[in-house]
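Dear colleague,

Please find the structure below, handed over for your own work.

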Amino acid sequence: MSEHDNVDLKPTPGARLTKFFKRSDVIQSTIFGVIITLVFVILGGKFYTQWMPTIMSTDMKAIERLMVVFTWIAAPVCGVVLGIALYTFLNRHSGDTPPPDGPATRTNGPVVLGWSVVTSLLALVAVIYGITEMNSSSIATAKHAEDAMVVNVVGNQWVWSFEYPELGVQSHELMLPVNRPVAFHVTSVDVNHSFWPVQLGVKVDANKLAETLADTTPTKLGEFDVKCAELCGLYHAYMETTGEVMTKADFDNWVIEQGGHTA
Amino acid sequence: MTTLDQHVGTRPIPNPKNSLITRLNAGTGLIVGIIFAIATYQGLAKVLDTSVYHLHNQVLLATMFMWSIGFLVGIGAFIGPIRWLIGKDLTAEEQLYMAGDGQGIKRYFKYCTDHKVVGIQYLWGVIAMLAVGGAMAMMIRTDLANPGGHFITPSVYNSLVGLHGITMIVALIIVATGPFGNFIMPIMIGAADMAFPRLNALSWWVLFTAIPVLCSAWFLGGIPTGWTAYAPLSIQAGPGMNAFIATIIIFAVSTAIAGANITATVVTMRAKGMTWNRVPIFVIGATVSVALAIPAFPTFMLSMIMTAMDRSFLTGFFDANVGGTGWLYAHLFWIMGHPEVYVILIPGVAIIMEVVPVFVRKPLFSYTAAIVGFAGITGLSILVWAHHMYISGWMPMLNGPFMVTTEMISVPTGLIFLVILGTLWNGKPWLKVPMLGVYAFLWNMLVGGITGLYLSDVPADMYLHGSMYVTAHFHYTLMGAALTGAVAGLSYWYPKMTGHMLHERASYISFWLVQIGFQILYLGMFIAGAEGQPRRVVDYAEQFATSNMVSTIGAYAIGIGFIILLWAVIHSWRHGKIAPMNPWGAKTLEWTVPYPVPLVNFDTPPVVTSDPYGYGRSAK
């Protein structure tokens, strides 16, 4: 953020930089910026892990990590923007007449260029990281595709139904065996719904006469919520059910209880 | 325009006694509109059986469009073209009369071609829409204060969500370009009026006819679809959906007219010497915004025409049973929907950029970067629409490319931050109410931008899509950034529009209540979203109780804050401190004209020799 060089003696760039960082406004803005960056780094580490639900699948783990890393990428940006804003806010002019004119800085080529390069690089990091995450999850899916258990999910105003074609079971609760990849084949019989097993970190729309896919591997035992994330009419809010990730043995027992056959 | 110019000096008292235009106003418009509507409904109901779903839709849609046309006939919108067609064009006196010369408050209820009158009409139209939309938001938050609360039924709730959404979207699209784009912008560029004054009046009154149509949705069973109106839910919806469709189509016509008019004005009517690099940044922002609306809204209109055909003629564009698909609707909608958020945002940003130099007394930092930022956002905004459809299952292969284009938008957005920060740097800001808006804008836009980064990312969006997190994110950008910019613009230009200063203490109190309430409201909503609460739900599980309660408290603070602002606007209109000609010491042209602004704005056309940001002690 260098500008306003009122130095006539043409000092070396190093000397100019030293002089720049000795200005009280620069020091104060920098201190504010560093503090704000640290606050965001700490918040980034805490906020999502605090509020997001239990991680119950590989996908959910990747998502939470991604939220944290993105907050860290954004933290220095917040530091720069808010550090400068806070300094000028505290250094305000009060009174009923306009303040005296500031320096007539029209632009500063290196600053504009530097800012553009840095924001582009940050965006590039975010893009590369996102694409890597996206691909690694789909590669993992492809690897497990063969032994994935198929669950046909049907959205119907305002009920979810789950069918396990290989096991001959139908249910309104989503039971899954732990550590086994599962492929959801999602469709709807009426309007658009969005299939959202919250703690599993996957979501895909249910469209009439079309089949959409989502897949994940549950990694933790326990109950989870299944919701609808697309406004689907009157009782959209109540279109929810529960599911459970169970051990292989418990799952097999459940399948037999439901009148199905284990593979 | 020449006919008006000839009368500047002498200003004869217009006396077009025998002309029809003297007898027409909004009242006659209402009467003719209602007659048209009733006649259409009664006539069609005789031939078509209104108990049949699609025939009923035909009748209702026809009634709504005929109301709109009837109102425009009744207010005299077509007198000019008809007189021209029959070879008796309006006389100079009649044109002067149409501009509302010397008619006091009556001209605000007429088909008035004066851009300043149209600006005030837009201002009150926007205030009314924001008030209604805000009241709906308060009802939504009241319902959501507690889990299991039965304050309103699911049916009413869904309607409220849809009506709140579309009312606020329409209001925010015109919140800056309507009032300030019409009142201030022509003066800012040194023009005597808009390029097409009659089209200007038309754009407002066409929009006006959409308001009763939208209100009628409430009495026709509401809009159960949210403002996105996704098919096939919209096909399944009841008769209230017709009101939504008609509103959008009428609104699209209005924005097309206004967009063409504003663009033409800026391109052709700038003062002598106002080259492109001397145009005030607000004018650039408003022009970019309406120019972006010109390609965007027709697809919205098209999607609504197709929905209307599916509903009225059972065509099945979006019906999977006969080979249609809801994905088609989603595409048409978001091809409009994403540029549309920048149509809303850019004028707000431009107002902020107009305000900063004045209150910091420094030139706008890197005018070029501002232009490049606007151009970059505008260009990229038409390439990102499918990021709303990552999880729709439509084409997962294309999620990657859309993610790249979306995240690229952070670069031009970064330039916008740079321009504002660079202007603040080394300055001592004069913290009047408009300047406070700049700080609120910076914080809100930062939060909105960063949360947008998570949402632009495919894996994260897999979790966040359709949750309260999304709702909080876009309220930060649309309300926190764009509306804050517009409110800053209101307090900045209020003296020029009314001749009085906006009540300062009230607007300070309002500012802090609104902004603090805003942070509380949406912090709660971000948490609810992260916890996994879907959006648009009338009820929720116990686990989200705390975050929702926090949100509701914040919402009430915002509500009270805006009521105080509304009081200040009404009170100061007549009783505020008399404003000097240039209360902020700004250098743009609108501050060189007195209040009330003369009919043709400038006694002598201004000549511009530099850009309006020549502040600073030592220009190098």
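**Helix packing in chain B**

In this predicted model, one helix contact in chain B brings Ala131(B), Gly134(B), Ala137(B), Met138(B), Arg141(B), Thr142(B) and Leu144(B) of α6(B) together with Asn548(B), Ser551(B), Thr552(B), Ala555(B), Gly559(B), Phe562(B) and Leu566(B) of α22(B). By class, the residues of this contact are 7 nonpolar, 6 polar and 1 charged. Helix α6 of chain B spans residues 115-144 and helix α22 of chain B spans residues 545-575; their axes come within 9 Å and cross at roughly 155°. Since angles over 145 degrees count as roughly antiparallel, α6(B) is therefore roughly antiparallel to α22(B). The crossing of these two helices is left-handed.

Helix α6(B) also packs against helix α7 of chain B (residues 154-174), where the axes come within 9 Å and cross at roughly 150°. That angle makes α6(B) roughly antiparallel to α7(B), and the crossing is left-handed. On the α6(B) side the contact includes Tyr122(B), Val126(B), Met129(B), Leu130(B) and Ala137(B), and on the α7(B) side it includes Tyr157(B), Leu160(B), His164(B), Thr167(B) and Ile174(B). The residues of this contact divide into 17 nonpolar, 3 polar and 1 charged. Ala137(B) is listed in the contact with α22(B) and also in the contact with α7(B).

**The contact between the chains**

Chain B contributes 76 residues to its contact with chain A, and chain A contributes 74. On the chain B side, helix α17 of chain B (residues 410-424) gives the most, with 8 residues. The residues on that side comprise 43 nonpolar, 23 polar and 10 charged.

**Chain A**

Chain A contains 5 helices and 10 strands. For its 263 residues, a compact globule would have a radius of gyration near 18 Å, whereas chain A has 27 Å. Along the principal axes, the C-alpha atoms of chain A fill a box of roughly 90 × 45 × 30 Å.

The chain is divided into domain 1 (13-92) and domain 2 (149-257). The C-alpha centres of these two domains of chain A lie 39 Å apart. Where they touch, 9 residues of domain 1 of chain A are in contact with 13 residues of domain 2 of chain A. The domain 1 side of that contact has 5 nonpolar, 3 polar and 1 charged residues.

With kind regards

Conventions. Residues numbered from 1 in each chain as written. Chains lettered and ligands numbered in written order. Predicted model: local features only at pLDDT ≥ 70, side-chain atom pairs only at ≥ 80, totals over all residues. Axes fitted to C-alpha atoms, helices over the stretch in contact; angles between N-to-C directions. Helix = DSSP H or I, 4+ residues; strand = E, 2+ residues; numbered from the N terminus. Parallel < 35°, antiparallel > 145°, perpendicular 65-115°, else oblique. Left-handed = near helix turned anticlockwise from the far one by under 90°. Contact = placed C-beta atoms within 7 Å. Nonpolar A, V, L, I, M, F, W, Y, C, P; charged D, E, K, R; others polar. Domains from an automatic or database assignment. Rg over C-alpha atoms; globule rule 2.2 N^0.38 Å.
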